[in-house]
Every structure is written in C-alpha cells, then in structure tokens.
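Subject: Structure handover

Hi,

Here is the structure I promised to pass on to you.

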Amino acid sequence: MLKANISHLPKDHPKVEFGRIGVLLMNLGTPDGTDYWSMRRYLKEFLSDRRVIEVNPVIWWVILNAFVLTKRPFASGEAYRSIWNEELDESPLRTITRSQAEKIAEKLSDAPQIVVDWGMRYGNPSIKSRLMNLQQQGCDRILLFPLYPQYSAATTGTACDKAFDALKQMRWQPSVRVVPPYYDEPRYIEALARSMKDSLAKLDWEPEVVIASFHGLPLEYFQKGDPYHCHCAKTTRLLREALGWDEHKLRLTFQSRFGNAEWLQPYTDNTIEELAQEGVKRLAVVTPGFSADCVETLEEIAMQGRETFEEAGGEKYALLPCLNDTPDSIDMLEAVIRRELAGWVDLDVSQTAEQPAERTLAASGTHG
Ligand SMILES: C=CC1=C(C)c2cc3[nH]c(cc4nc(cc5[nH]c(cc1n2)c(C)c5CCC(=O)O)C(CCC(=O)O)=C4C)c(C)c3C=C
Ligand SMILES: [Fe+2]
Ligand SMILES: [Fe+2]
C-alpha cells in the first residue's frame, strides 16, 4: 500500500491512502421489502429511468403517478412475496449477487490489493455508496462489472450512467474500466451448457423442447440500434452449437413484457402456450440472460410459465436455474475480471478468459 506524499498539506488534512483496485459488480436492483411503499419506491426509481422508459417524460410522469404506481406495487409485491428469501428478508437477486461478490473476492485473494464489492442500479446498496466506499478503502482504480451478459442501454447502459453520475461528483476520481458484455465468451457459453446438462440430468424426464428465454425489450429500442437482440441471438446460437441441438430443440424467446407497445418476439408466454397446444408434453426453460435467479425467472417463468403450459395441455415442465453463484459461474466471472485487470495489477493470468475467437466487426443489426 502506497502512502501519498502529503507533507505539504496542513497537519489536520485527512491521511490519504491509495494503490488499491476496486471491482464493482453491478446488477439491476430490487425492492427493500414487498410492502406497498417499498415496492412503490423501487418501481418509481426504476420506471423513472429514461433509459428504461423512452416515451415523452411529461406524459409518462402523469401515467406513472396516476396509474402505474397506484396499481403495480400491489401486483409486483405479490410476485416478490412468492419468491422472497424469508431467512435474510431480502430478494433472491440481492442474496445471490452478494454471494457472487464474496466468492469472487475469495478467488482473487492472491492479489490483496483488490477489493470486490457489489451494488444495484435501483434500490440498495446503491452504486454511488459502493463507489464511495471503494474509494475510501484506497481504490484509485475501479473495474465496473455490469452483470448482464447481453448489452442493452436499458440495463448495462444505465448502470454505467449511474456510476458515471457518482464519479461526476468526485474531486479525485478513480480511473475506471468497464467489463464488456460477455454474451459470446467461450467460458460463459461452456458454463451455461454444462449447467444445463447438469440440471437436465437431475430430471427424471427429458424435455422435447427447451426454451432460451431472455428478458424482453421494446421493439423500438432495437430499431433505434440497441444490440441486445443480436447479443441474445448469438448467445443462443453458440449454446445450440455447444449442446449439439438445432433450432427446434432450443428456441429463442423474450419474456417480461411491460405496457402495450410491441416488444421483441417471439414472446415466451405465447410460445409456452403454443408448444403445449401443438402437443409438446415435456418442456424446460433456461434463462441465460439473467446472471442470477430473480422475480423474472422464479415467479414469471417457474410459476406462471408452468401454469400456462399445464393449462394448455403440457405435462412436465421445469425452469433450469441461472448460473448464480455456482463454482462454474464464479470461475467464469473471475476469469473475465482477471483478463480485464491486465496492466493494472500483475495477476496470475493462467485462469483468464480467452477472447471469443470469432468476434468480428459485425454490422449493426447482424443477427447472432
Ligand atoms: C418497463 C420496462 C422495462 C424494460 C425495458 C426492462 C428491461 C430489462 N430488464 C432486465 C432485467 C430485469 N428486470 C427485472 C424486473 C423488472 N423489469 C421491469 C421493467 C422493464 N425491464 C419491471 C417493472 C421489473 C420489476 C418487477 C415487476 O414489477 O415486474 C429484473 C428482476 C429484479 C429482481 O429484483 O428480481 C431483472 C433481472 C433486462 C435484462 C432488460 C433488458 C434487456
Ligand atoms: Fe426488467
Ligand atoms: Fe438481432
């Protein structure tokens, strides 16, 4: 640990230590509780984000306050209650993200100058509070790691905005790097494929079809140039190749629609229903775009999805878990971090992640 030369400063000037490197995992966020006011506070912050809702802000303000925030907190609160981690009184997303940070920190203990922390774009712990904390611990270089394999302005973009907003208020800013989206990293695809095989092996039945369901996005955002759809398509194509499956066995769909506009298609709920109506009896769903299980996977896919499938005539249904804090997932995240820290710290790089061999300069709009 280096000590700054502050001999020219007054005696009561705070002691300044620097030389540490911060790694900040950033995920979406989560309410502090499932009651109306906790839900409302969380949804208000989320749905006031102009990266998430791109409609006219004045019109949206009226709709949000008059309609959405009077009803949605009740429905969302119920969904969160059905998956809440009662033991720790928090949402699964928060439990898993914290565990990911703790496990990564342990794996990086060969470099004691690295400090790993985690923060949420909406709700707590806020990205700003964690950045300040890292700085107070002596981090003058910080690696921001948005935990979204596929880039979207509505997730990765806004998480980085929030970090940069905090940096804007600092006199002495740390140097910052951002981990790129990892949708086509070989280690991510391999981890997904292995995790799927393990989960499928635990079932006493074999699915006829597996759906790869990603969080949706309004179609208009894609038309304006958001690469999210292409990243999802490429992840799915690489996953098919890794599993040796074709387009009928592993289908790409999009879930969690909000509002009345058209979103990316095909829709997960409609696909689940159509497959059952077409006579598919055994169906599994995997959600590769979520780095951790959350309300969108545990409630919408595991519970609502099952109901949809069974009501339409399906018999066997399973949600395959996200990568979460499994050893494979932590190894993959650690490898990406080690690679991205190159030049900042002299790390054992035998464990770093290889860059995808085939990532090329693709034209925007190129599909998977
Ligand atoms: C209203 C527009 C929304 C857009 C656009 C959107 C994009 C988007 N979201 C994720 C990942 C997650 N979203 C989660 C919850 C969630 N998402 C929206 C709305 C939009 N998301 C809402 C209103 C909610 C809250 C729950 C609800 O009321 O339905 C979560 C789960 C958080 C948790 O605590 O469990 C995740 C993760 C992505 C990847 C994405 C765009 C690509
Ligand atoms: Fe969302
Ligand atoms: Fe695309």
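In this predicted model, four strands make an open sheet with parallel pairing, in the order S8-S7-S9-S10. Strand S8 (250-255) and strand S10 (316-320) are the edges, each with a single partner strand, so one side of each has no neighbour in the sheet. From one strand to the next, the twist averages 25°. Strand S9 (residues 282-286) is joined to S10 by five bridges, and Val-285 has Leu-319 in S10 as its bridge partner. On terms: two strands pair if DSSP finds at least two bridges between them; helices (H or I, at least four residues) and strands (E, at least two) are DSSP runs numbered from the N terminus.

Two helices lie across this sheet's strands. Helix H10 (residues 295-311) lies across S7, S8, S9 and S10, at about 165° to S10. Axes are lines fitted to C-alpha atoms, for helices over the stretch in contact, with angles from 0 to 180 degrees between N-to-C directions; contact means C-beta atoms, placed from the backbone, within 7 Å.

Now the ligand. Around ligand 1 there are 23 residues, of which Thr-30, Ser-76, His-215, Phe-258 and Cys-294 come nearest (near: C-beta atom, placed from the backbone, within 6 Å). Domain 1 (2-182 + 330-340) and domain 2 (186-320) both contribute to the shell, so ligand 1 lies between them; the bounds come from an automatic or database domain assignment. Strand S3 (20-30), helix H2 (57-81), helix H5 (153-168) and H10 each supply at least two shell residues.

A few backbone details may be worth a look. The Asn-124 to Pro-125 peptide bond is cis, with omega near -5°, and Pro-125 sits in the loop between strand S4 (114-123) and helix H4 (127-136). The bond from Gln-265 to Pro-266 is also cis, with omega near 0°. Ser-256, in the loop between S8 and helix H9, has a positive phi near 60°. Ser-256 is partly exposed, with 18 other C-beta atoms within 10 Å (20 or more would be buried, 12 or fewer exposed; C-beta atoms are placed from the backbone).

Residues are numbered from 1 along each chain as its sequence is written, while chains are lettered from A and ligands numbered from 1 in the order written. As this is a predicted model, local features need pLDDT of at least 70 and side-chain atom pairs count only at pLDDT 80 or more, whereas totals for chains, interfaces and linings use all residues.

Best wishes
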